[in-house]
Amino acid sequence: DKTNSSGGHVPPHKADRDPFLSAVEAHVKSLKDPSTGVSFDAKLERNGLYLAGVGVRKKSLVKVYAVAMYCTSSVLKESKSQLSLNKAARSFAGLTKEVSFVLHMTCNVSGVKIASAIGESVKPRYNGDTSHVKDLEKLIIDGVNKKRKGQSLKGTMFGFDCSAIGVQVLVNGSSQGTVRHGGLGEAVVDVFTGTGAVSPTLIQSCLQWEK
C-alpha cells in the first residue's frame, strides 16, 4: 500500500489487483443443478470460497444428491481440464489453502448409508489407515443423528472442507469436527474431481466456468 504526501493511506488502484481475481468477483454467480433443481450460492459464507460448479450424484437411476464445489480463484484459473483442475484443487499450496464440497440430499438415505457410500469412495483414493476413513464416516453419522435422528432426509446439507490438515465435516451448516490426517483432504478432493469422479456433471460444470 502507498501513502500520500501527508502520510495518509492511499488504497491500492484497481490495476494493482490480480485481474483474474477481479474477473472472478465480477462474474461469480449462484448456479442451479439442472437435474435436481437445487441451487447453490455464489460464495460459501463460512470461508469465502467461490462456486466453481454444480452437479448430481446418481446411483443407478436415483439422484442421491446435488453437489457443489467451492474453491479459490487460483483453482478456478486452472479449470482448463479435469486434470489441471484436480491438480490445483488438491495441492493446498500457496493461495489454495482449502477446497469445499457441499452436498444437498435429494432422496431419503440413512446417515449410516450415506457415510458408508462416501467412505467407500474415499478408501481407494487414500493411502493412510482405513481407521481415518472410519473417523470421517463417524462424524457424518453423528451429525445426522443429532440433526435428523439417524435419517438423512431430503434437504439435508453436508459440507466437507478439505485442507492439508484433513477434512472438516458439517451437517446443515453445523461443524461436527475435523478428521486431522494428512492426505485425507486430497482423497476427498479426488472423489469429486479425480479419475472416476462420482459426479461427471460436476466436472463438466467446473470446466465451463467463465474465464
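This is a predicted model: local features need pLDDT of at least 70, side-chain atom pairs count only at pLDDT 80 or more; totals for chains, interfaces and linings use all residues.

Begin by selecting the six strands of the open sheet, which come in the order β5-β6-β7-β10-β11-β12 and pair in antiparallel fashion. At the edges you will find β5 and β12, the latter covering residues 174-179, and each has a single partner strand, so one side of each is left without a neighbour in the sheet. If you look along the sheet from one strand to the next, the twist averages 20°.

**Strand β10**

Next, select residues 157-163, which form strand β10; six of its seven residues are buried, so the strand is largely enclosed by the rest of the structure. On one side, six bridges join β10 to β7 (residues 99-105), and these two strands run antiparallel; here you can pick out F101, which stands opposite F160 in β10.

**Helix α7**

Now move to α7, residues 200-207, and colour L202, I203, S205 and C206, which are buried. When you turn the view to look down the axis of α7, these buried residues fall within an arc of 165°, so they line one face of the helix. The helix α7 lies across β5, β6 and β7, and runs at about 160° to β5. Among the elements that cover its buried residues are β6 (62-71), α3 (82-89) and α6 (184-193), as well as β7.

**The nonpolar cores**

Which residues touch the most other members of the largest nonpolar core? Of the 50 residues in this core, they are M69, F101, V122 and F192, while α6 is the element that gives the most to the core, with six residues. Select F192 and show what surrounds it: leaving aside residues up to four places away in sequence, F192 touches Y65, V67, F101, L103, A197, V198, L202 and I203.

As a last stop, select V54, A66, A68 and Y70, which belong to a second, separate core of ten residues.

Technical notes: Residues are numbered from 1 along each chain as its sequence is written. Side-chain values use heavy atoms; hydrogens and water are left out. Buried means under 20% relative accessible area, exposed over 50%, partly exposed in between (1.4 Å probe, protein chains only). Helices (H or I, at least four residues) and strands (E, at least two) are DSSP runs, numbered from the N terminus. Two strands pair if DSSP finds at least two bridges between them. The arc is that of the directions from the helix axis to the C-beta atoms. Contact means heavy atoms within 4.5 Å. A nonpolar core is a set of buried Ala, Val, Leu, Ile, Met, Phe, Trp, Tyr and Cys residues joined through side-chain atoms within 4.5 Å. Axes are lines fitted to C-alpha atoms, for helices over the stretch in contact, and angles run from 0 to 180 degrees between N-to-C directions.
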